[in-house]
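This briefing goes through one protein model by topic. Have the sequence and the structure open while reading.

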Amino acid sequence: MRHILRWFAIALLAASGPALLPLCCAAFGAEPEVINGIAAVVNGDVITFSQVRDLSAPREKLLRSQYSGAELEKGLKEAREAALKDLIDRRLIIQAFQKEKFEIPNHFVEEQVRGIIKESFGGDRNTFIKTLEAQNYTLGEFKQKEMEQMIVQAMRSHNVKTKNIISPTKVDDYYKKHRDEFTTKEQIKLRMIMIPGQKDTATAPAQKALAEEVLGRLAAGAEFDRTAQIYSEDSTRDNGGDWGWIERNTLAAPLEKIAFNMPLGRISNIIEYAGNYYILKVEDKHGGTTKSLVEVRPDIEKKLIQQEAQQIQERWIASLREKAYIKTF
C-alpha cells in the first residue's frame with residue numbers, strides 16, 4: 001500500500017462534516033445539461049461544459065433573478081469563466097496528489113457519506129439513494145466527487161503552511177491603516193424643521209423672518225415636535241420633524257457637519273442651505289468609538305494569517321499552472 005502521510009489524515013478529519021454539504025446540495029440541485037462538449041484539457045484530463053455549468057448553476061440562478069439583457073449575459077459569462085478556472089485548479093491539485101502517490105482510505109469517504117445522510121436526510125439512506133437517482137447520479141459517482149473534494153482540501157492544507165506568529169509591527173501598521181474597521185458607525189437621533197426660502201407669494205426675507213420667529217419660539221420653550229408639525233415643510237412634518245436614527249452621508253454635507261457636532265438636546269441656529277432655512281435638534285447619539293489595539297490585536301493577527309495563507313495558496317496554484325499543459329475551448 002502506498003504511504004499515507006499523517007498530515008493527510010489530520011487534514012481530512014478537519015475537512016469532513018458540514019463543510020462539504022454545500023457541494024452535495026449543489027449536485028442535487030443542478031439542472032441536467034443536454035448540450036455538452038470539452039471546455040478545457042488539463043494535462044490530458046478533460047473538463048466538460050456540463051461540469052462548468054453544474055458548478056456555476058447557483059450563481060447563474062441568482063444572476064437571472066437580478067439582471068436581464070446584456071448585463072445578464074455579461075454576468076453569466078463571468079460566472080462560467082470563474083467556474084472553469086476553479087475546475088482547472090481543482091484538477092491540477094488532484095493531479096499533484098496523484099503524482100505524490102498519496103491515497104485516501106475508503107473508510108474516510110464512507111464516514112463522510114454517512115455524515116451527509118445523517119445531516120441532510122435524517123439518516124434515511126434510501127431517500128439519499130433515490131435523490132441521487134433522480135439527479136442521474138450513481139452512488140459511486142457521488143463518492144468520487146466527495147473524495148476529490150477531500151483531496152483538494154487536504155492538499156491545500158498540506159501546501160499552504162503559514163507562520164502562526166505575526167510581527168507586532170505588521171499588526172500595528174494594519175490597525176493604523178484600517179481604523180475604520182474597528183470604529184462603530186456613528187449615529188444621531190435627529191429632528192428637523194425646514195422653512196422654504198420662498199412659498200407662494202412670500203419672499204425670501206419674509207421666510208427668513210418666519211424661521212427666526214420659529215427659532216425664538218423654540219428658545220422660549222416651545223416643544224420641537226409640535227412646532228415642526230405647525231411650521232416645517234419637510235417630509236417628516238407629520239412626525240414632528242423626526243428623522244429617527246441616521247448615519248453620516250444621510251444629510252447634505254453642511255447640515256451633516258453641524259448635526260454630528262451638536263451637543264445632545266441643543267437646538268441649532270438657523271442654517272441656510274440651498275435657499276432654505278433649517279433648524280436642527282439632536283436628541284441622542286451613539287457609536288463613533290474606536291476599539292483599542294489591545295482589544296482587536298487577536299482579530300488582526302487572525303486576519304493577517306489568513307491573508308498570508310491566501311497569498312501562499314495563490315502562488316502554489318500559479319506554480320502548478322506554469323508546469324501544466326492547459327487548453328481552453
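Is Tyr-174 buried or exposed? Tyr-174 counts as buried, at 9% relative accessibility. Buried means under 20% relative accessible area, exposed over 50%, and partly exposed in between, with a 1.4 Å probe and protein chains only.

The model is predicted: local features need pLDDT of at least 70 and side-chain atom pairs pLDDT 80 or more, while totals for chains, interfaces and linings use all residues. Residues are numbered from 1 along each chain as its sequence is written, and side-chain values use heavy atoms, leaving out hydrogens and water.

**Overall make-up**
- Of its 329 residues, 35% count as buried.
- Among contacts (heavy atoms within 4.5 Å) between residues at least 6 apart in sequence, 70% join residues at least 24 apart.

**Aromatic rings**
- Rings of Phe, Tyr and Trp (its six-membered ring) pair if their centres lie within 6.5 Å; planes under 30 degrees apart are stacked, over 60 edge-to-face, and the rest tilted.
- By this rule there are five aromatic pairs.
- One of them joins Tyr-174 and Phe-182 edge-to-face, at 6.5 Å centre to centre and 65° between the planes.
- Phe-182 is also buried, at a relative accessible area of 12%.
- Phe-121, Phe-128 and Phe-142 make up one aromatic cluster.

**Charge over a ring**
- Lys-327 lies over the face of Phe-329, 6.0 Å from the ring centre; the rule asks for NZ of Lys or CZ of Arg within 6 Å of the ring centre and within 35 degrees of the ring normal.
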